[in-house]
Amino acid sequence: PIRNYRGIKKKRVSSFLRNLILEHKLHTIGLQEPMQANIDDNLLRKIDPFHDYLWKWIPSKGRSGSILSGVRMEFLDVGSFKEGNYILQLNLWDKENKVKWNFLNVYGSPHEDHKADFLAELATFCGASQEPTLVGGDFNLIRFSSEKNKPTPLSRHSRTFNSVIACYDLIDLKMTGGKYTWSNNKNPPTLERLDRILVGKE
């Protein structure tokens, strides 16, 4: 899966991830906001008890901003990796299909004054990628007004986000099972689509 799981130490979160991994034998895993400054072997053993995955992470900054990526070593090799402030890139070798590709796990800034920095980093990572690329995670941005359940003008950051997607010929994969990925859990709620997966046309 590629999604935001707040607080990986919570028993219900780690148990859910463990069962998901054991049942589906996922090739790649991209988590945002595990909310850990350090992720040790004891914590990883709770979600990956048989050490099937190679794990890499960016630690949290306060209560947000962390990223955790896992790669199943049976299917993929990690050639190298690159860390940004908002993106963790793994350069992968698919053992079965004999191809290289890049996995970018993203947690965009939730703060308005840092969104421009995030979008600049996203453009830099996408522009430097020479192999087929999958970019997924919590971007903390909507692309269209229809991705929010309340009328709202499209921000300049959303317009820049769309420009980055168009510039690098990325395809925004359609969601299944729902229209929104985030709620403020109020009554009535504000709902938005902030999580997505983008892929290159290769």
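First, the ground rules. This is a predicted model, where local features need pLDDT of at least 70, side-chain atom pairs count only at pLDDT 80 or more, and totals for chains, interfaces and linings use all residues. Residues are numbered from 1 along each chain as its sequence is written, and side-chain values use heavy atoms, with hydrogens and water left out. Helices (H or I, at least four residues) and strands (E, at least two) are DSSP runs, numbered from the N terminus.

Start with α1. It has 14 residues. From first C-alpha to last, α1 reaches 20 Å, close to the 20 Å expected at 1.5 Å a residue. Expected span here is 1.5 Å times one less than the number of residues. Which residues of α1 are buried? V13, S14, L17, L20 and I21. They cover an arc of only 130° around the axis, so they sit on the same side of α1. The arc is that of the directions from the helix axis to the C-beta atoms. On the other side of α1, K11, R12 and E23 are exposed. For the cut-offs: buried is under 20% relative accessible area, exposed is over 50%, and partly exposed is in between, with a 1.4 Å probe and protein chains only. The cover over the buried residues of α1 includes β2 (28-32), α2 (41-47) and β3 (53-58).

K25 is not a glycine, yet its phi is positive, about 50°. It lies in the loop between α1 and β2. At 47% relative accessibility, K25 counts as partly exposed.

Now α4, residues 156-167. Twelve residues would be expected to span 16 Å, and α4 reaches close to that, at 16 Å. Its buried residues are H157, S158, F161, N162, V164 and I165. Down the axis of α4, the buried residues fall within an arc of 155°, so they line one face of the helix. The face turned away carries the exposed residues R156, A166 and C167. Among what covers the buried side are α3 (115-128), β9 (170-172) and β12 (195-200). D169 follows α4, with a positive phi near 50°.

On to the largest pocket. How much space lies in it? About 1,100 Å³. A pocket, on a 1 Å grid over the protein atoms alone, is an open set of points where a 1.4 Å probe fits, with protein on both sides within 12 Å along at least five of seven lines; lining residues have an atom within 4 Å of a point. The lining has 40 residues, and D138, T181, W182, L194 and D195 lie nearest the centre. Elements giving two or more residues to that lining are β1 (2-4), α1 (11-24), α4, β10 (182-183) and β12.

Next, I87. It is found in strand β6, residues 87-94. At 0% relative accessibility, I87 counts as buried. Leaving out residues up to four places away in sequence, I87 touches I58, I67, K82, L104, N105, V106, E121, L122 and F125. Contact means heavy atoms within 4.5 Å.

Last, the loop between β10 and β11 (191-192), which holds P188. A cis peptide bond joins N187 and P188, with omega about 0°. N185 is in that loop too. N185 is not a glycine, but has a positive phi of about 60°. At 70% relative accessibility, N185 counts as exposed.

Definitions and conventions. Points joined across faces, edges and corners; volume = space filled by probe spheres on them.
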